[in-house]
Amino acid sequence: MRIDIISVVPDLIKSPFEGSIIQRAISKGHVEVFFHNLRDYTSNNYKQVDDYQYGGGAGMVMMIEPIDKCISKLKSERNYDEVIYMTPDGETLNQAMANQMSLLKNIIILCGHYKGVDQRVRDLFITKEISIGDYVLSGGELGAAILSDAIIRLIPGVLGNETSALTDSFQDNLLSPPIYTRPSNYKGHGVPQVLLSGHNQNVEKWRDDKALERTRNLRPDLLDE
Ligand code: ADE
């Protein structure tokens with residue numbers, strides 16, 4: 001998979017790609033991530049990427065021309081499955097969307113900044129608009145990093161233990177059951193006996209029951225879906 005991230009502050013998103021599972025996915029060749037600075041696609045001396053809103057109003061708007069140049073250059077080099085715009089008024093990211101997107105080959109992620117992009121960018125170039133939640137960030141960069149992380153760890157082969165993504169919270173619309181590791185007794189606080197029993201069927205049943213119980217208590221909305 002190849003992810004191209006377009007931003008006015010690309011340095012803001014590089015560090016999440018420089019450690020742990022994501023870095024390993026990149027170095028093992030499961031995914032390539034490229035960052036593009038919109039200022040490199042400006043045609044004026046000031047490298048201006050934003051301007052005042054027509055009709056007045058607070059906040060600057062990202063101009064169409066540098067975005068057009070950047071996206072058109074990328075599209076002239078390869079086909080893209082999706083051109084995604086990170087915005088608080090997009091579709092809220094969930095695990096099902098991450099699952100679907102982990103199967104794509106090439107995607108572009110455009111990060112909004114300031115007040116957002118000129119509507120014509122959305123009309124002409126964007127195929128999918130994604131929000132990471134009902135709150136407003138100062139830009140789409142952190143959202144793009146979160147989206148990329150959620151997708152990359154699902155690419156087949158990225159997680160060492162193939163089953164571990166399948167047992168994540170939200171797969172099957174259930175939260176994960178509680179997990180424990182050594183010691184089996186910490187200052188008098190033990191581990192559920194069934195997990196120490198070595199009886200796989202009982203362990204699986206206990207995990208299924210706990211996942212359901214947790215979901216019922218904490219996120220009953222997931223069970224309605
Ligand atoms: N940009 C600003 N806020 C955002 C959000 N909640 N999700 C995605 N992109 C954003």
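Guide: Helices (H or I, at least four residues) and strands (E, at least two) are DSSP runs, numbered from the N terminus. This is a predicted model: local features need pLDDT of at least 70, side-chain atom pairs count only at pLDDT 80 or more, and totals for chains, interfaces and linings use all residues. Residues are numbered from 1 along each chain as its sequence is written.

Visitor: How many helices and strands does the protein have, and what is its radius of gyration?

Guide: The protein has 9 helices and 9 strands. The radius of gyration is taken over C-alpha atoms, and the globule rule is 2.2 Å times the number of residues to the power 0.38. For 225 residues that rule gives 17 Å; the protein is well over this, so it is more spread out than a compact globule, with a radius of gyration of 22 Å.

Visitor: Which domains are assigned, and how far apart do their C-alpha centres lie?

Guide: The bounds come from an automatic or database domain assignment. Domain 1 covers 2-152 and domain 2 covers 171-224. The distance between their C-alpha centres is 37 Å.

Visitor: What percentage of the residues count as buried?

Guide: A residue is buried if 20 or more other C-beta atoms, placed from the backbone, lie within 10 Å of its own, exposed if 12 or fewer, and partly exposed in between. Of the 225 residues, the buried share is 25%.

Visitor: In the largest nonpolar core, which residues touch the most other members?

Guide: Such a core is a set of buried Ala, Val, Leu, Ile, Met, Phe, Trp, Tyr and Cys residues joined through C-beta atoms within 7 Å. The largest has 39 residues, and those touching the most other members are Ile84, Ile109 and Leu110. Elements that each supply at least two core residues include S5 (82-92), S6 (106-111) and H6 (141-152). Two residues are in contact if their C-beta atoms, placed from the backbone, lie within 7 Å; leaving aside neighbours within four places in sequence, Ile84 contacts Ile107, Lys128 and Ile130, among others, and the three residues asked for are Ile84, Ile109 and Leu110.

Visitor: Is Ala150 buried, exposed or partly exposed, and what does Ala150 touch beyond four places in sequence?

Guide: Ala150 belongs to helix H6. With 19 other C-beta atoms within 10 Å, Ala150 is partly exposed. The C-alpha atoms of Ala150 and Leu93 are separated by 9.4 Å, although the two are 57 residues apart along the chain. Not counting residues up to four places away, Ala150 touches Leu93 and Ala98.

Visitor: What classes of residue make up the shell around the ligand?

Guide: A residue is near a molecule if its C-beta atom, placed from the backbone, lies within 6 Å of it. Of the 13 residues around the ligand, Met86, Pro88, Ser131, Leu137 and Gly143 come nearest, and the largest share of the shell, 3 residues, comes from S5. Ala, Val, Leu, Ile, Met, Phe, Trp, Tyr, Cys and Pro count as nonpolar, Asp, Glu, Lys and Arg as charged, and the others, Gly among them, as polar. By class the shell has 6 nonpolar, 7 polar and no charged residues.
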